[in-house]
Structures are given as C-alpha cells and as structure tokens.
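Here is a brief report on helix packing and selected residues in one protein model. Look at the chain first, then read on.

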Amino acid sequence: MTRRIIPILIITGIVCACSASRKVANLSENAVAAKLQLSSDDEPMLPELDMIKSRSADTIHITGLNGEDMILMNAVKDEDGEMVAHDVIDAAYVTARFRNVAERHGKIDLEFQVVVPEAMQDTKWQLRFYPDMYILEDSVRLESVIITGKDYRRAQLKGYQQYQKFIDSIVSDTTKFINVWQLELFLERNIPEVYAFKTDSTEVSDEQFASVYGVTQRQAVDHYTNQFAKRWNNRKKTLTDKMYRRYVKVPIETEGIRLDTVIQSVNGDFIYNYVQTINTRPKLRKVDIVLSGEVWEADKKLYLMSRSEPLTFYISSLSAFVDGTEKYLTKIIQRRVEANTACYVDFESGKAEIKEGLSNNAEEIRRIKGNLAQLIENEVFDLDSIVVTASASPEGSIRTNESLALKRSESVSRYFDNYTRHYRDSLQREKGFAIDEDGNILREEFQDIRFIAKNGGENWTMLENLVVKDTILTQDQKNQFCELKNTERDLDKLESELQRLPYYQHLKEDLYPKLRTVRFDFHLHRKGMIQESIQTTELDTTYMQGVQAIRDRDYETAVTLLREYADYNTAVAYCALDYNASALSILETLERSAEVNYMLAVVYTRLGRIQEAVQCYVNSCEQNQTFVHRGNLDPEISALIKTYGLNRQEDEEDYFN
C-alpha cells in the first residue's frame, strides 16, 4: 500500500508544479497586470452634497440678469438626447484616466481602485502592489496593497508555529537541568543534617553548607547538573535569529501596508478602493498615480508586473479665485518731526562749566556728539533747533537750583553749538566746492542750528522713581519717602525733612548725581518739503502677505492676516477653510461680480440653500462664460450642474433664448 501512495504523491506534486509554471508563463506571455481605475461614483465623497441628490424632481425658479424667468428641474437626457425630468441619475462605469478633485481644508482626497484580474490570483501566491504618487518634482511610494492566498498564508503561519516551537524549547529555569533526586539521595545518605533542611525554610549559607559537606553549594549543584543539556540550551539561545530566518521565510508585514487580505478562493477580479489624502502645496495642479506589482510564492519572486498607465488627478482650488490687486495704505507725512535723548553730565557742586574728565562725562559727551553728527549728515531731515533742558538735584534752595539748572543748560548749549559749527565746517572742507560756468563758487550751505537753553529745575519725579527701584532702601523707607513727597508741597522744606532721615546720605551720594540730567529735544523737518503735511500711499505688506498665503494654500495664516480687512479675499480664505457662515457674511455685502456670485453659489450649496446657489451660479455664468467650464471642477457646482442639467445650452448665445 505504501509503495502505491508514494508514486502518486510524486506525480501529484509534479502536476501541481507544472500547473503553477504554466500559470506564471501565461502571466508573462499575456503581460497580465493589475490596473488602476477611477471608482464608478463620479462624485467625490462630499457628505454635504447628499442633500442635492436626495431632492429628486425638485423644481427651481430662477431669474436671469435681464429679468427672464427660467424653470429648472432635476433632469437627465432621454434616448433622443432631450433633457427630461428624472428622479435618479445612474452612475456610468468610469473608463477615464483622469478626474478633477477639489481641495478641502488644504487637503485633497485621491480616490481610485486597484483592480486585480483573476489570472493573477492563486491560493499559493502573494501579490504585492506598490502605488507610486508623482507630485510636482517628487515621487512618493504610498502604502502597499498585499493580497495573500490562503495556502501562502498557511505556510507563513506554519513557519511562525515552527519558530515558536523552537522558542518554547528553550528552558528559562536552569534548575530544570539539576538531577534533584540524585542530589537529595546523596545528602540523605551522607549528610542527613543538611538533608534535614529540605523541609525547613531556614536559609543555609554557603559557608554553613561547606562546613558540613566539605564543598560549596555551587559545586554540589554543578556535580548533579546535566552540563550537556545546559550547554545545548544556551546554544539555542544564540540561534534565535538564525532559526527565525529558517522557519519564517516570508514574515507577515504590518508596517507601511494599506491592505493585507487573505483570499480564500479565486472567483473573479479583486477590487480594492484606495483613498489617499495629501496636503496641497503651492503650484500643485495635478497628481499622477502609477501601480507596479510582484507575484511571490514562498520566498521566491515569480513575476514582475509591468507598470500601469497613470491615473491623473487635476486639482481645483478656491485659491484660484484670489484677487491679487495690490492694496495700499494712505499715510499722512508731517514736515516737522521731533526726536529726543538724554545724557548724564556731571557738574561740580554749584558749578555750571562742563568738564570732560569728571565722572563719566567723556563717554556721555562722545555719545551726544555721535547723535548730532548723524542728524547733521541725515539725507532725509534737516536739523532746525535743539532745546537743551538741564535738571538739578534738590540740595540747596529751589531758587538757587533753578538758576543753576539754567546756567548748566546754557553751558551745554554753548559747548555743543561750538561742536556742531566745527563739524559742519569740516564737512564742507571734505566735500570741497564746484565752480559754475560763470566762475561762481558753489558750496553746500548748512542751515544754522539754534540751541535753546531751558531750566529744568529740581528733578523730583526722577528722584521718586529712583527711590522706588532702589535695592538698598527697605520698603518702609521707600514708603516714608513717598509719603513725605506727597504731603509736603514746599520743596525747600521737603529737602530739609529729607536731611533728617537716616538714609539721606545714601540719597545724596548715590541718587542725587543721577538727577543732573541734560535732555536734548531735536526739532527737524523733511528736506525739500514746504507744506506742513502731505498725503502719500505705500503698499500694505500685511494684506499682500495674506493674499500670498491664499496662493500658497496656507489658509489659516491667510485668515489670521486678512480677518480685519473683511473683504473679498478674506471670504475666499474663509470659504477654503469651510468657514461658510463667516464667508457668507462678507460675500452678501459685496457687489455681485461674477466671482462673488460664483463664491456665493459654492457657499449656498454647502449650507443647503440650493435655489439661491443655482441662481448665483447661473448669474456668474452670464457675467463670465469661463465659469461654465469652471463649474465642473468644484464638487458643489458640479453637483448642481448634473442635478439640474445646467449649462446644456452653453453653445447657444445665452441661457434664456
């Protein structure tokens, strides 16, 4: 009986192998391949458009821009090509290689089908399909589609089972290798006092065991351990990777896979609906999808499928409706402008003369000279006058300090007046002169700069600020100072009161010197400008950045930049983000241009206001014929066109003949 079975099995195997070879040969000879196709549903998945399809046999009355009445019904063409009222539009089988898809929230859904012919399917095979997306200059491999025959998967699982059996054979508890019975028997016969610990939970130290037995516990255990079995077990631990590769020849992938399905039997074409969502980007107008694939049996590649023809998705975006007209800001430019700065010039007590070597005077004077030089050489402004106001610290009488402050202002004015005269003279010498045709010497003349000295008096306001910010005074001392200042109006008496305070020396030595400030107020006018003010315009860069953000499909940024303008472009940004109520609140206030009417048609459709949507779309087409064709690119308008048979007279003179 056995002799008969073996030849039969051999013959059966040969027949199966020949059958598989013929099937692979057939794939190659006929260039059998899976293909990509568009789904039979010719409308993208937009749930809000279901309301249009559900309103069967609706009748809509609209009015043309010239006042003509028109009645529209849910309609399709009859067998004679005439438009007739109909309840349901049946979907046609799609053979086209392209589709228009609409952008939503800066994203696009690419919907297509992977169709696997019956000839490519076998229960012993695994089919691996790789969709590649071509977008601008980039190519991106999308997640794979894997179709696995039941016998192929059974072999995969068998490999995993064999590997798991090997893993289970690895012993984790090393005590399993100890011949416990022999060890206990030896102890019972030779060292009963140690054997007694068998039923005792008391821990036996290694030293105690050695003192009784003459060897350590480790030595005793090793003697009764099956060393060969232990070494083989350790060896198996090092073989786990090798055994995985031996048993699991084709691992079951879980990463980067869109679909991994097991087919039980071959019964016709296999169709998988694939949806890929991508983010839009600037200049993105179309996306191509191409499919490649392989046929595998076990760990061998049997067949390489030729690449499919591309499916092309043309992307329609509301960003195309952006109005790129430049927006300008109106500004009033004044002829006269002012600037100011302050310096800390230290004076000797009771003196008004400037000494560059005193305290930090040299650095402060150098800074003010630098400011003056920049203003004198400024190509936009001419320096007219400088008001110099010196302030004094409060020691001494107020009359004396006011007089001293004025003298110091006059001293500073003279000092920097001399500097500006010498600086302008040096500029003239550097620039030289020119001689005209008549022999006259031409020089650049500088306007005289007037210095006006003013008395700043005692600087009590600054003193109070310094006290509040001081890090040495306590909060109680600061409160005491502020209370004195606010209650005593006679400044001479106030100074006398301060002298009685224990921290007056700190005020006088550390804070008073900072009160001797000199403030410079520069009065300038724009060169060549005679009128006191003029009105000018400049590009509104914020607005134009918002417009560019729409072009770049960065709608969140666009809304942020354009929200305050609340104009047409703001409505486009809102509409692109599906902020329909916000978009509508703007669009309904605008003049009804073709673009505004079209945008209103989109928004009204989304909000379920179908009659208003149809009316606005028809109006936009009357105003601009290009919207007849544009309507097929946007799903909201495309649904209106198909449902109500719009644009069926687009080749005639107009809609209302």
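The model is predicted.

**Helix packing**

Start with helix α18, residues 568–576. Helix α19 spans residues 580–587, and helix α20 covers residues 594–606. Helix α21 runs over residues 610–623. Two packed helices are described by the angle between their axes and the distance between the axes.

| Helix pair | Axis angle | Axis distance |
|---|---|---|
| α18 and α19 | about 160° | 8 Å |
| α18 and α20 | about 30° | 11 Å |
| α20 and α21 | roughly 155° | within 8 Å |

How do α18 and α19 run relative to each other, roughly parallel or roughly antiparallel? Angles over 145 degrees count as roughly antiparallel. The angle here is about 160°, and α18 and α19 are therefore roughly antiparallel. Their crossing is left-handed. On the α18 side, the contact uses Y568, T570, A571, Y574 and C575. On the α19 side, S582, A583, I586 and L587 take part. By class, the residues of this α18–α19 contact are 7 nonpolar and 2 polar, with no charged residue.

The pairing of α18 with α20 has another orientation to describe. Angles under 35 degrees count as roughly parallel. At about 30°, α18 and α20 are therefore roughly parallel to each other. α18 passes α20 in a left-handed crossing. From α18, the residues in contact are Y568, V572 and C575. They meet E595, V596, M599, V602, V603 and R606 of α20. The α18–α20 contact holds 7 nonpolar residues, 2 charged ones and no polar ones.

Next comes α20 with α21. Their axes cross at roughly 155°, and the two helices are therefore roughly antiparallel. The crossing of α20 and α21 is left-handed. α20 contributes A594, N597, Y598, L600, A601, Y604 and T605 to the contact. α21 contributes I610, E612, A613, C616, Y617, N619, S620 and Q623. The residues of this α20–α21 contact divide into 9 nonpolar, 5 polar and 1 charged.

**An enclosed helix**

Helix α23 spans residues 635–644. Of its 10 residues, 9 are buried, so α23 is largely enclosed by the rest of the structure. The buried residues are P635, E636, I637, S638, A639, L640, I641, T643 and Y644. Just after α23, G645 takes a positive phi of about 60°.

D578 has a relative accessible area of 24%, and counts as partly exposed.

A31 is not a glycine, yet A31 has a positive phi of about 50°. A31 lies in the loop between α1 (2–29) and β1 (35–37).

**Buried residues in a loop and in strands**

N459 is placed in the loop between β21 (450–458) and α12 (460–469). Is N459 buried or exposed? N459 is buried, at 15% relative accessibility. A polar atom of the N459 side chain lies 3.3 Å from the backbone nitrogen of M462. Beyond neighbours within four places in sequence, N459 is in contact with S391, A392, L515 and T517.

S292 is in strand β13, residues 286–297. S292 counts as buried, at 10% relative accessibility. Apart from neighbours within four places in sequence, S292 is in contact with R128, F129, Y130, D132, R141, M305 and R307.

I315 belongs to strand β15, residues 311–316. With 10% relative accessibility, I315 is buried. Leaving out neighbours within four places in sequence, I315 is in contact with V101, I108, L284, R285, K286 and V287. I315 and L110 are 205 residues apart along the chain, with their C-alpha atoms separated by 9.8 Å.

Conventions:
Residues are numbered from 1 along each chain as its sequence is written. This is a predicted model: local features need pLDDT of at least 70, side-chain atom pairs count only at pLDDT 80 or more; totals for chains, interfaces and linings use all residues. Side-chain values use heavy atoms; hydrogens and water are left out. Axes are lines fitted to C-alpha atoms, for helices over the stretch in contact, and angles run from 0 to 180 degrees between N-to-C directions. Helices (H or I, at least four residues) and strands (E, at least two) are DSSP runs, numbered from the N terminus. Angles under 35 degrees count as roughly parallel, over 145 as roughly antiparallel, 65 to 115 as roughly perpendicular and the rest as oblique. A crossing is left-handed if the near helix is turned anticlockwise from the far one by less than a right angle, and right-handed if clockwise. Contact means heavy atoms within 4.5 Å. Ala, Val, Leu, Ile, Met, Phe, Trp, Tyr, Cys and Pro count as nonpolar, Asp, Glu, Lys and Arg as charged, and the others, Gly among them, as polar. Buried means under 20% relative accessible area, exposed over 50%, partly exposed in between (1.4 Å probe, protein chains only). A polar contact is a pair of N or O atoms within 3.5 Å; within protein, one must be able to donate a hydrogen and the other to accept it, and residues adjacent in sequence count only if both atoms are side-chain atoms.
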